[in-house]
Amino acid sequence: MNGSIPDALLEVKDITKIFRYGFFGFKFRAVDNVSFILYNKPSVLAIVGESGSGKSTLARVILGIHVPEYGHVFFKGKNVHNLKGSDRLWFIKNVQGIFQNPYESFNPLKKVYKYLQETTKNLVGITDSNEAEDHIEKALSKVGLRLSDVKDKYVHEFSGGELQRIGIARAILSNPSLIIADEPVSMLDASLRVSILNMFKRFREEIGVSFIYITHDLSTASYISDQIAVMYRGIIVEHGDLNSVLGEPLHPYTQSLVESVPIPERSRREIWLKPLKLSGIEEKEFIVKGCRYRLRCPFARDKCLTDPPSVQTGKSTVKCWLYADK
Amino acid sequence: MSDNAALTVKNLVGGYDIVERKQHLYVDAVSNVSFSAFKNEVVGIAGESGCGKSTLIKIIYGLIMDPLVVKDGSIFVRHEEKTVDVLSLNPETRRRQLWWKVISYIPQNSMNVLNPTLRIRDHFFEVLRKHGGLGKKEAKEQILSYMEGLGLSRDVAKAYPHQLSGGMRQRVIIALALLLKPKIILADEPSTALDVIVQRGILQWLIEAQKRLGSTLIVVTHDMGVHAMVTDRLIIMYAGKVVEIGRSDNIFEDPLQPYTRLLISSLPKLRDNKPREGIMGMPPDLRNPPRGCRFHPRCPFMTDKCYEEPPLIEFDRGHYVACWLHVKNR
């Protein structure tokens, strides 16, 4: 089966990934019936969610690391979980990942440069070592590093910020059209974060690469993305244009999320300090019937016992009964 | 620095004595820090990783263990109408007289400090018996009503730590720290690993408890957003030094030190896509910090004067800054 949308870069269609909770425990849907489309022009989609929302699982499904129980992922029309031979290499060249902890992404016993060399050889197909060095130097300069800073060093000799830059340089070596970045800046200090985010913005404009930026942090998502999808317990509850999702959040969960983000602005204090009630239930929310937010939702009613429909309103799609009748 | 302060830190110098490749090194983590904190206020300590904020809080609590050493300074707390220097007491006296009752400490990643083999209520029980000097029966009754008063149900009291979510465990830790009504509460990144909604709930809950007790709460976090939401006053640290102290309103409105200014302006805000710049360079290695103002290698306003250490001056009422830009007749 091939993708049905001709000008789609990535088509994620009805993806469901099931995990087991505990060895003999119940099954739950870490990602539940998720669909979205990235079109063929450079853009940044932020997938925002808290711990346990399924956002990293979704990233791994898209990267082909996890095979979903239901649904398909099409990259430029080809099914990601059914690639053979040269198509597999083509996919890896075109879709690269960047992960949260750069210290875990590299083998501590190997020189970091070796990774860059291997990627150049295996994905770009440059075997001559001088030519490879030139290629690597170009990629490193795009992330603000020099070859001599990197060449003879091991992982522990770099700071987290430098290593994350190297990870990004490695990802752009093969000139991908899509980069999936899973919490790429959450380990870094505030003063270094923004320079990485600016780099993503620049790559989108200059190299024309699209990003799926996965994060728990609404502020950085708001800084770099065009579109935002909010995930809650495996489901995309709201998806739309940046300004509509953050400016006029529709889903009660998005509303609560937007209101709760602490931002360095004293004027927001009054709203933020309005008392909030916390609930103790968490695991239950994965298997609850109907809307998974209903146990916490201030607007919950009987209708919410059945799955809410996806409703298109303005520039966003929201999964909530509140908007179903309008 | 005033006499009626609940806590006064004076010229504190401390750091880590380490041996690396057979060489003795000293990590200058807290370098001549002075400040006061008062009853009924929330004071934030802000700074990036490695600026010495957690070390400072550990020393204030008196949790000084190898390789952490205190070289100079004093920490005064008010206790039973007297002023006591935490550092002059021996560790055993500190533990008996001050901990839990006068000063409480909520350490970093504290949701993992609960004993996995003990039920939640037994944690409270132990603190009450060891430090509160209560009998078994009295203690039991007091615990249940105390926990219920804080919204922790009987189910929570009966549970083992692994049965609770991270947010709930953090609430338990905070409830434990507040059990003996401490005058000073030290919280090191109390909400950092939590989701934003849970974080908001926990911090609201912590401030409410602090207000009820009339205590002094010191919150250490790298997150300037949290500081803007919860603190009354703010202390900004950079590479082991205090670079700015002031009312949070003033610091967010008009930060004086270039580091504070750049730190705040580098943060992306919700619904504001204005391009922002990070601070160039990296924080220094505290084994060998730059001389003079420690921010000078990264500072856009750096002059030759900055090789000399700037004094912490009172620029405006209650607003202190250490930067040559603000010293007159320089």
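Visitor: At what angle do helix H11 of chain A and helix H7 of chain B pack?
Guide: In this predicted model, H11 (residues 252–260) of chain A meets H7 (residues 196–213) of chain B with the axes 8 Å apart. Helices (H or I, at least four residues) and strands (E, at least two) are DSSP runs, numbered from the N terminus. Axes are lines fitted to C-alpha atoms, for helices over the stretch in contact, and angles run from 0 to 180 degrees between N-to-C directions. On that scale the two helices pack at about 55 degrees.

Visitor: Why is H11(A) called oblique to H7(B)?
Guide: Angles under 35 degrees count as roughly parallel, over 145 as roughly antiparallel, 65 to 115 as roughly perpendicular and the rest as oblique. The packing angle here is about 55 degrees, and that makes H11(A) oblique to H7(B).

Visitor: Which residues of H7(B) make the contact?
Guide: Contact means heavy atoms within 4.5 Å. From H11(A) come A:Tyr253, A:Ser256, A:Leu257, A:Glu259 and A:Ser260. The H7(B) side is B:Val196, B:Ile197 and B:Arg200.

Visitor: Some ground rules, please: how are residues numbered?
Guide: Side-chain values use heavy atoms, with hydrogens and water left out, while local features of this predicted model need pLDDT of at least 70, side-chain atom pairs count only at pLDDT 80 or more, and totals for chains, interfaces and linings use all residues. Chains are lettered from A and ligands numbered from 1 in the order in which they are written, and residues are numbered from 1 along each chain as its sequence is written.

Visitor: Which residue is the bridge partner of A:Arg20 in E2(A)?
Guide: Two strands pair if DSSP finds at least two bridges between them. Strand E1 (residues 8–20) and strand E2 (residues 27–39) of chain A run antiparallel and are joined by 9 bridges. A:Arg20 has as its partner in E2(A) the residue A:Lys27.

Visitor: Which strands stand at the edges of the open sheet in chain A?
Guide: That sheet has 8 strands with mixed pairing, in the order E6-E7-E8-E3-E9-E10-E12-E11. Two of these strands have a single partner strand each, so one side of each is left without a neighbour in the sheet. They are E6 (95–98) and E11 (310–313).

Visitor: How many bridges join E3(A) to E9(A)?
Guide: Strand E3 (residues 44–48) and strand E9 (residues 227–232) of chain A run parallel. A:Leu45 stands opposite A:Gln227 in E9(A). The number of bridges joining E3(A) to E9(A) is 4.

Visitor: Is the crossing of H4(A) and H7(A) left-handed or right-handed?
Guide: The axes of H4 (residues 112–124) and H7 (residues 160–172) of chain A come within 10 Å and cross at roughly 10 degrees. That makes H4(A) roughly parallel to H7(A). A crossing is left-handed if the near helix is turned anticlockwise from the far one by less than a right angle, and right-handed if clockwise. This one is right-handed.
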